[in-house]
Amino acid sequence: MKIGCPKEIKPQEFRVGMTPNAAQEAVASGHEVLIETNAGIGAGFDNDAYVAAGARIVDTAEEVFATADMIVKVKEPQAVERKMLREGQLLFTYLHLAPDPDQTHDLLESGCTAIAYETVTDASGGLPLLAPMSEVAGRLAPQVGSWTLQKANGGRGVLMGGVPGVGPAKVVVIGGGVVGTHAAKIAAGMGADVTVLDRSLPRLRYLDDVFGRQFKNRYSTAGATSELIEDADMVIGAVLIPGAAAPKLISRAQLSTMKPGAVLVDVAIDQGGCFETSKATTHADPIYNVDGIMHYCVANMPGAVARTSTIALGNATMPFMLALADKGWKQACQDDAHLLAGLNVHAGQLTYYAVGKALGIDVVSPNVVIKS
Ligand SMILES: NC(=O)C1=CN([C@@H]2O[C@H](COP(=O)(O)OP(=O)(O)OC[C@H]3O[C@@H](n4cnc5c(N)ncnc54)[C@H](O)[C@@H]3O)[C@@H](O)[C@H]2O)C=CC1
Ligand SMILES: CC(=O)C(=O)O
Ligand SMILES: [Mg+2]
């Protein structure tokens, strides 16, 4: 199979879909790998590293899209990339379709087959291709939130760990999954007073068992959220209902109950955001103020630490990428129900229920599609 990896074009996105190590394994399995020139530069991988791995460097994204049977990327295809997708071509990348009708429409129109990293599952009920980036974004959230809390950036001017004689910042993390756990761990490590809210009692029990008194946890209800945000310096949004648009857990009206200069970091923004006032921002212009509350809503947070993120993502995607290349998508998905869970679009049909529900589009079962 011809596997193509274009350079990412989303603003300030420095990750790349294939590492030289992944390219080398694909070549060793008999595949041809095409990398757009300088695609890996932002993550510290130059063209020579890919050539040494046996890949071919091509000059333009157009050539990658025109030649490859499978496109491997990081971020959802941007409008100009969507125009280059072809019928029968396989796209393997993050998609986040539920909050994105334009992209969904274009993918359906293209006739391509699209497998979304964020909905591939594993045997323990996790999301193995989302997890590494959730680990990164979770660990970044208190770091960017504490920067936003600084006075010059519009925040309350509160130091995470306080100092002797002055108490620490109060941090509330809504959602105690992968993002939330890593965010809580780092915020607690910075000395903040941290509370995690989750809707899952088993998850709260796990957090209690593993982290003990490093941070507190509460069952997530509207009442508990209202009570905690009034006193919070920072709220980190980290909820997920897989594939679906994020539920809105803090309304605009509630901002007036918060302390002026408090910070909302909405990591769930790639699924539409879990605060009513969230709108996606970029690394170039990451924060904005609504009613005196600072918002940080960057939809590709891991791009800020592109090298760590590229290697972490590559470690997770590589076995799936190789299965898709070795067997073709249909056989690979027939052999692995967890990979089939990633199928969102095939030949003009939507195949993921939560996306169809969010966007009001009819869905065809992925099990029907792989047998057709
Ligand atoms: N902005 C960015 O750059 C990135 C964003 N993300 C996003 O972060 C979000 C969280 O991802 P993960 O932690 O991997 O998901 P996860 O599935 O590991 O955790 C989500 C948690 O939210 C909980 N939850 C659901 N509804 C809730 C509610 N109403 N109140 C409290 N908790 C609730 C679930 O019980 C679960 O424990 C996703 O939308 C993901 O796409 C992930 C990586 C990067
Ligand atoms: C998860 C995701 O969308 C990202 O890493 O950018
Ligand atoms: Mg994202």
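What follows is a short walk through this predicted model, from the overall fold to its two ligands and its annotated residues.

Because the model is predicted, local features need pLDDT of at least 70 and side-chain atom pairs count only at pLDDT 80 or more, while totals for chains, interfaces and linings use all residues. Residues are numbered from 1 along each chain as its sequence is written, and chains are lettered from A and ligands numbered from 1 in the order in which they are written.

Let me start with the chain as a whole. Its secondary structure comes to 15 helices and 15 strands, where helices (H or I, at least four residues) and strands (E, at least two) are DSSP runs numbered from the N terminus. The radius of gyration, taken over C-alpha atoms, is set against a globule rule of 2.2 Å times the number of residues to the power 0.38; for 372 residues a compact globule would come near 21 Å, and the chain, at 21 Å, agrees. Along the principal axes, the C-alpha trace spans about 65 × 45 × 40 Å.

Now to the ligands, for which a residue is near a molecule if its C-beta atom, placed from the backbone, lies within 6 Å of it. Ligand 1 is surrounded by 35 residues, the closest being Ser134, Gly177, Val179, Ser220 and Met301, and the elements giving two or more residues to this shell are α6 (131-148), α7 (178-189) and β8 (193-198). Around ligand 2 we find Lys75, Tyr94, Glu118, Leu130, Met133, Asp270, Asn300 and Pro302.

Asp270 brings me to the annotation: the unreviewed UniProt entry marks His96 and Asp270 as "active site", with positions in the numbering used here, feature names shortened, and the caveat that annotations may be inferred rather than shown by experiment.

His96 is in the loop between β5 (90-93) and α5 (101-110), and Asp270 in the loop between β11 (263-266) and β12 (287-290). Are these residues buried or exposed? A residue is buried if 20 or more other C-beta atoms, placed from the backbone, lie within 10 Å of its own, exposed if 12 or fewer, and partly exposed in between; His96 counts as buried with 22 such neighbours, and Asp270 is buried with 27.

Finally, contacts, meaning C-beta atoms, placed from the backbone, within 7 Å: leaving aside residues up to four places away in sequence, His96 touches Glu76, Glu118, Asp270 and Gln271, whereas Asp270 is in contact with His96 and Ala299.

Technical notes
Contact = placed C-beta atoms within 7 Å.
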